[in-house]
Amino acid sequence: MLSRTKLAGKDFHLNKTVIDVNSLKIGGDDLIIIAGPCAVESEKQIFETAKLVAKGGANILRGGTFKPRTSPYDFQGLGEEGLRYLHDAGKAYNLRTISEVMAIQQIDLVAKYVYILQVGARNMQNFDLLKALGRIKKPVLLKRGPSATYKDLLMAAEYILSAGNAEVILCERGIRTFETYTRNTLDIAAVPVLKELSHLPIIVDPSHGTGKRSLILPMARAAVAAGADGVMVEVHPEPDKALSDAAQTISPEAFSDMVVSLHAVFRAIEENRHCEP
Ligand code: PEP
Ligand code: MN
């Protein structure tokens, strides 16, 4: 039988965990918007993206520089050079930053450049990596594995928490099901379920969750309506030219329109809080 959570569960504390990222509060009263390309491709690309997503209402700039690609022949990311560009672009446009860490040896390097470290779906149960991230003093965004149950995700979070890092953000990014029309099946129920089981903030990633540009807006709205603390979306100045995940990447214009819509949904939900049981 799966053991119970000690630190990730509501029995540890009932109040929501609010994570302060240089005065930006994740899990607090505001909707958090994380945006940026799948991968940092060049200095010009990330600066251009940062400028446009900042204008469109993003709080946090994303961009992978160590990329977990399905094929070893695909673009693997710029490594430290990309982290430097991401850091500088975030600084220039007053955005916090997030990037993926794939291995223990990369932790110090990634932590030197970004505010939040991301654990990708494929590494959700890389327990040694999770333990090592439990020993750092930066927030970790933990993505749900493609075949992980809610309990699996919470127990993975427990690894980070029990090693001493209380700043864990959960991320629903779709799971593998029999449906192949979408890249993954974005599990919106994960939001209320994880809110019921845990005090940790939850972010939804409709980009990897659907794999399709046309589905980002409706699924992002659904995530916010379901009570997510924020969304993470892939945005590129020229989406069709993105070196990775082009099909699920939206333009800065589509992004700006989406943010307006998400804030409207967020406000509507806030106004309806009194209807909740
Ligand atoms: C990403 O966010 O860049 C990514 C690779 O996502 P996932 O780990 O959810 O596939
Ligand atoms: Mn991607």
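Ala, Val, Leu, Ile, Met, Phe, Trp, Tyr, Cys and Pro count here as nonpolar, Asp, Glu, Lys and Arg as charged, and the others, Gly among them, as polar. By these classes, the shell around ligand 1 has 6 charged, 3 polar and 2 nonpolar residues. The model is predicted: local features need pLDDT of at least 70 and side-chain atom pairs pLDDT 80 or more, while totals for chains, interfaces and linings use all residues. Residues are numbered from 1 along each chain as its sequence is written, and side-chain values use heavy atoms, without hydrogens and water.

Ligand 1 is surrounded by R62, K67, P68, E100, Q118, G120, A121, R122, K143, R173 and H208 (a heavy atom within 4 Å).

| Side chain | Distance to an oxygen atom of ligand 1 |
|---|---|
| K67 | 3.0 Å |
| R122 | 2.9 Å |
| K143 | 2.8 Å |

Taken alone, ligand 1 exposes 290 Å², and the protein buries 97% of that (Shrake-Rupley method, 1.4 Å probe).

C38, in the loop between β3 (32–36) and α1 (43–55), and D245, in the loop between β10 (230–234) and α9 (252–271), are 207 residues apart (helices are DSSP runs of H or I, at least four residues, and strands of E, at least two).

Notes: Chains are lettered from A and ligands numbered from 1 in the order in which they are written. A polar contact is a pair of N or O atoms within 3.5 Å; within protein, one must be able to donate a hydrogen and the other to accept it, and residues adjacent in sequence count only if both atoms are side-chain atoms.
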